[in-house]
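This report describes one protein chain, from its overall fold to selected residues. Please keep the sequence and the structure in view while reading.

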Amino acid sequence: MADYPPARMPLSGWGQALRERLRGKADVINRAVPGSSTLSFTKNYWLDTIADLRPGDRLLIQFGHNDEQPDPKRHTVPWGSYRQLLELFVMEARAAEVVPVLITPIPRYLFSAGRVPETLGPYADSMRSLARELDVALVDLARLGASEMERKGEVMVRKWYMLDVDGHDTVHLTKVGAKNMAGIVERELVRLGLL
């Protein structure tokens, strides 16, 4: 989701691509920080983020990949601390008259018999459950992204990920992948009446 400098190309976050897609329609201020989990973001960046929001803003919230890391400074439990911190973001955004939007984690580049399994299932399920419970808008990018990846096929989608650049990265997106994921997010925001 984060912005990356030109020197890191083709690495690109979908939030970066969303800004390009929405130019002239909406201002996208991307506060995502590479490597952040809900826990580390809360400790290091949340207060500045919430302070900069204005009534009527949309706050797009996506975490998961770094929450599952064993590092105690980042690790959260899907149905425990992860959910609690997401709820904190939602409640504080609403208190600031900001519209929170929960977004499930993007799929990894992983195909099995033409299907894309959900590798962050407990985190995505926890977020889906919280969205229902609190009546929060949800962009289910885990499912929608997987569906689009299956439709496009394993060979084409490989170009969406940094795998061919470094030989092992099945999580981070290239500019091509970021544009595709951002397109899904944009369509869903329009469908939800938020854009």
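## Backbone exceptions and overall fold

A113 is found in the loop between β2 (99–103) and α5 (121–134). Helices (H or I, at least four residues) and strands (E, at least two) are DSSP runs, numbered from the N terminus. The model is predicted, so that local features require pLDDT of at least 70 and side-chain atom pairs count only at pLDDT 80 or more, while totals for chains, interfaces and linings use all residues. Residues are numbered from 1 along each chain as its sequence is written, and side-chain values use heavy atoms, with hydrogens and water left out.

Although A113 is not a glycine, its phi is positive, at about 50°. D135, in the loop between α5 and β3 (137–139), likewise has a positive phi, near 55°, in a residue other than glycine. Most residues other than glycine have a negative phi, and most peptide bonds are trans. A cis peptide bond, with omega near 15°, runs from M9 to P10, and P10 belongs to the segment before α1 (14–21).

Accessibility is classed as buried (under 20% relative accessible area), exposed (over 50%) or partly exposed (in between), with a 1.4 Å probe and protein chains only.

| Residue | Relative accessibility | Class |
|---|---|---|
| A113 | 81% | exposed |
| D135 | 66% | exposed |
| T76 | 1% | buried |
| L141 | 0% | buried |

The protein chain contains nine helices and three strands, which follow one another from the N terminus as α-α-α-β-α-β-α-β-α-α-α-α. Its C-alpha atoms occupy a box of roughly 45 × 40 × 30 Å along the principal axes. The radius of gyration, taken over C-alpha atoms, is compared with a globule rule of 2.2 Å times the number of residues to the power 0.38. For 195 residues a compact globule would have a value near 16 Å, and the protein chain agrees, with 16 Å. Of the 195 residues, 49% are buried. A contact is defined by heavy atoms within 4.5 Å. Among contacts with a separation of 6 or more, 69% join residues 24 or more positions apart.

T76 is placed in the loop between β1 (58–61) and α4 (78–95). Apart from neighbours within four places in sequence, T76 touches T38, L39, D67, S81, Y82, L85 and Y123.

L141 lies in helix α6 (residues 141–152). With neighbours within four places in sequence set aside, the contacts of L141 include W14, Q62, I103, P105, M181, I184 and V185. Between L141 and D71 there are 70 residues in sequence and 25 Å in space, C-alpha to C-alpha.

## Packing of α6 and α9

Axes are lines fitted to C-alpha atoms, for helices over the stretch in contact, and angles run from 0 to 180 degrees between N-to-C directions. On this basis α6 and helix α9 (residues 175–191) pack at about 125°, with axes 10 Å apart. Angles under 35 degrees count as roughly parallel, over 145 as roughly antiparallel, 65 to 115 as roughly perpendicular and the rest as oblique; α6 and α9 are therefore oblique to each other.

At this packing, L141, L144, G145, E148, M149 and K152 of α6 meet N180, M181, I184, V185 and E188 of α9. The residues of this contact comprise six nonpolar, two polar and three charged. Here Ala, Val, Leu, Ile, Met, Phe, Trp, Tyr, Cys and Pro count as nonpolar, Asp, Glu, Lys and Arg as charged, and the others, Gly among them, as polar.
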